[in-house]
Amino acid sequence: KLQFLYLIAGPVPSQSFISNMSDAPVKEADAPLTPEQVQYKYSVLKQEYDSMAQKIAEMEGEKHEHELVHTALEPLEEDRKCFRLIGGVLVERSAKEVKPALKGNIEQIEKVIATLTNNANAKQKEIQDFIEKHRIAGSQAQKVDAPKVEEKKESKTTGVLA
């Protein structure tokens with residue numbers, strides 16, 4: 001059995017998570033960094049980037065699930081019963097009520113993905129600049145790739161109860 005949970009109104013994910021990712025550049029001291037400090041700073045930057053890429057992938061999965069449900073509900077009549085799981089409680093709604101909510105949630109998720117992608121690209125540039133500035137080479141500096149957006153896969157089974 002597949003469960004489709006969709007987001008309830010509000011910021012997705014928390015706005016603090018998105019805004020703290022790359023707000024203000026960190027001022028570096030005038031004194032040169034030691035090799036240990038360079039390695040630590042690089043690993044912190046890489047971890048921040050990796051968490052952004054992971055969040056983008058997670059949001060892409062959420063978007064895909066929402067699109068599957070929306071596709072399954074499209075051909076149904078407006079008065080058809082639909083069930084939604086909210087906090088462990090199964091709530092009955094009509095397809096007419098669910099379709100606009102799903103569309104709005106998909107749009108919100110797309111906005112979050114765009115914001116996270118922009119932040120990840122900025123972090124990628126920051127990492128590349130850091131690598132060039134401190135002349136990090138070889139296995140110490142792994143190439144940072146842009147987050148990959150998953151391609152849409154078509155599925156014949158939807159797993160939606162309607």
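**Notes on the predicted model**

1. The accessible surface of the protein chain amounts to about 11,100 Å², and carbon and sulfur atoms account for 53% of it. The model under discussion is predicted. Of the 162 residues in the protein chain, 31% are buried.

2. The protein chain contains three helices and two strands, arranged from the N terminus in the order α-α-β-β-α. Among contacts between residues at least 6 apart in sequence, 78% join residues at least 24 apart.

3. The largest nonpolar core has 16 residues, of which Tyr42, Met59, Ile127, Phe130 and Ile136 touch the most other members. Helix 2 (35-73) and helix 3 (95-133) each contribute at least two residues to this core, and helix 3 provides its largest share, eight residues. Another core, of seven residues, lies apart from it and includes Val69, Cys82, Ala95 and Leu102.

4. The structure holds 10 salt bridges. In one of them, lysine 55 meets glutamate 58 at 3.3 Å, N to O. These two residues are three apart in helix 2 and therefore separated by about one helical turn. Lysine 55 counts as buried, at 17% relative accessibility, whereas glutamate 58, at 41%, counts as partly exposed.

5. Helix 2 also holds glutamate 67 and lysine 63, four residues apart. Their salt bridge has its closest N and O atoms 3.9 Å apart, and both residues are buried.

6. In helix 3, lysine 123 and glutamate 126 are three residues apart and form a salt bridge at 3.3 Å between the closest N and O atoms. Lysine 123 is buried, at 4% relative accessibility; glutamate 126 is partly exposed, at 31%. A network of salt bridges links Glu48, Lys123 and Glu126.

Definitions and conventions
Residues numbered from 1 in each chain as written. Predicted model: local features only at pLDDT ≥ 70, side-chain atom pairs only at ≥ 80, totals over all residues. Heavy atoms only, no water. Core = buried A, V, L, I, M, F, W, Y, C linked by side-chain atoms within 4.5 Å. Buried < 20%, exposed > 50% of the residue type's maximum accessible area, 1.4 Å probe, protein only. Contact = heavy atoms within 4.5 Å. Areas by Shrake-Rupley, 256 points an atom, 1.4 Å probe, with all protein chains shown as cover. Salt bridge = Lys/Arg side-chain N within 4 Å of Asp/Glu carboxyl O.
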